[in-house]
Each structure stands twice: as C-alpha cells, then as structure tokens.
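Please consult the sequence and the structure shown below.

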Amino acid sequence: KSLNMMTSKRATSPLSLILLLIASSAASAQDYANFGFDQPPKLCPPYRCSKGYEAVPKRPLKFSSVGCNSGMGGVKMFSGNSSLDGPTESCCHQRDACYQICGVSKLVCDEKFKKCQDDTCASITDEQVKNKCNDDVNLSNLMLSLADCKVFDTAQRDACECVTKDKAADKREAAIRYFYKKFSPESLDKVSGLAKKADTKAKLAGLFQKLSLKYPEAIKKIKDPQAQLMEDLMNNMDKKRKTSDDVDDTEDEVDEVQEL
C-alpha cells in the first residue's frame, strides 16, 4: 500500500522508486551485494576473430541511438516520466554510438559516458535542474551497474566483420573514407594519413570515437522499441480508464433521469 502511495506522487524521483523496489525485495545486506552494487564493472571483451583474421568495421558504417530511454521502459512506467533524456541526451547518443564502433572496449565507452553526464550536470546553474540531472545520472549509473554484456556484444556483432590480415588495412581505410565522404567530404584528403595512423583495431576504434563526437549528426536517433511498447501500453490503459469513466458517468445520468 505504501509503495502505491509513493508511486502516485509526481515528486518522487525515478531513483527513489528503483531503490525502493530493490530494497523491498532484499532481505539482508548480502542481498544488495547480489544486485551488484559492490561489484567492479563487468568486463565485456571486445570483438575478436579467429587466428589469421582481423575485425574491421562492416560497410555501410552506421551509428544509431535510442537515447537515455534505452532499456528503461519499466523505470518510466513507475516514474511517470515520458522521457529520461534531458540535459544528458547527447551523452546517451554518444554511448550508444560507442558500443557500435568495431573493436571498442565497453569499459572505455561506459567511463566516457559517466564523465559526460557528470560534466553536463556540473555545468548547470539552476539548482533544481541540476538536482534533477544528478538524480537521473544516479539512476543511469545504477542501471549500468546491473547491465550485462548482451547489448554491447550484439552491437559489436552487428558492427564487425572478420577479414584476412592482408585485407585489413584496405578495409580500415575504406571505413574512414566512407565516413568522411558522408559527413566531411571537404576533408577527404586526410583519409590516407589517418588510415596509416589507425593501423590496429584499437586505434581505429579510438579514431571513430573522436569522429562521432566531432560529427554528432552521424548518429541516427531512433525510437527505443521497449520504450515504444511501454508507451503504447500506458496509452491503452489510459484509453480504457477513460472509456470506463465515461460509461460510469452515463449510468449515473440514466439513474438520475429515472429518479425524476
């Protein structure tokens, strides 16, 4: 009952609700450890190929992002928020794009994501907006600590392909050229030099992290399927509730007429 009362208050923060839900299911301090609060970040290995092959970006090179709502449909249901993007939206887009860079380290993506969020909140001067930003960041970090490698691994499989080592250099240069041709054609003369410097999977991943930050328009914003499903569910519930209320009002009017 008390949980229902708390979730009905609009002032309740998403972080408080998530912590309350977790606390209600935890019987002891050891249970909190089972949720991963005191665990080091989960290490998800970068994409690897079999011996004699190297991982290179697939063509066409593409990045997409569902923003800060990624994987948080259930959170939004309890919090009443229609969006968790807010001031840190660009950080979430960069995180999603980072996961889709072939050969990148998830730990690097996550640490850059956290720093981006912290810096964004710290730059806000309005105290109320800053507090809301910090609440959202705390919630985001909590969800990140509970996440496994599935999203990252899927993104890497979609972003990488394995080629023989003799073809890897040409594939890396082709990926760089494709990006510049699409988003900075005036800088195509830089491609050959950049390809020589980015001569490994890790170096190429670092280059594309910088490029996605410099050219944010390279990240296509899409609707999160899970968030869309939850939104549709809530809208259907609202429609049914409204229909039920209309029926009740009609029945009350009929009763009043009959009494007259």
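Which residues are buried in helix α8 (residues 150-159)?

**Basis of the report**

The model is predicted: local features need pLDDT of at least 70, side-chain atom pairs count only at pLDDT 80 or more, and totals for chains, interfaces and linings use all residues. Residues are numbered from 1 along each chain as its sequence is written, and side-chain values use heavy atoms, leaving out hydrogens and water.

In α8, the buried residues are F152, A155, Q156 and A159. They lie on the same side of the helix because they cover an arc of only 100° around the axis, taken from the directions from the helix axis to the C-beta atoms. K150 and D158, on the other side of α8, are exposed. Buried means under 20% relative accessible area, exposed over 50% and partly exposed in between (1.4 Å probe, protein chains only).

The cover over the buried residues of α8 includes β1 (53-57), α5 (89-99), α6 (106-122) and β3 (160-164); contact means heavy atoms within 4.5 Å. Helices (H or I, at least four residues) and strands (E, at least two) are DSSP runs, numbered from the N terminus.

Ring pairs link F179, Y180, F183, F208 and Y215 into a cluster. Rings of Phe, Tyr and Trp (its six-membered ring) pair if their centres lie within 6.5 Å; planes under 30 degrees apart count as stacked, over 60 as edge-to-face and the rest as tilted.

F179 and F183 are four residues apart in helix α9, so about one helical turn separates them. F179 counts as buried, at 1% relative accessibility.
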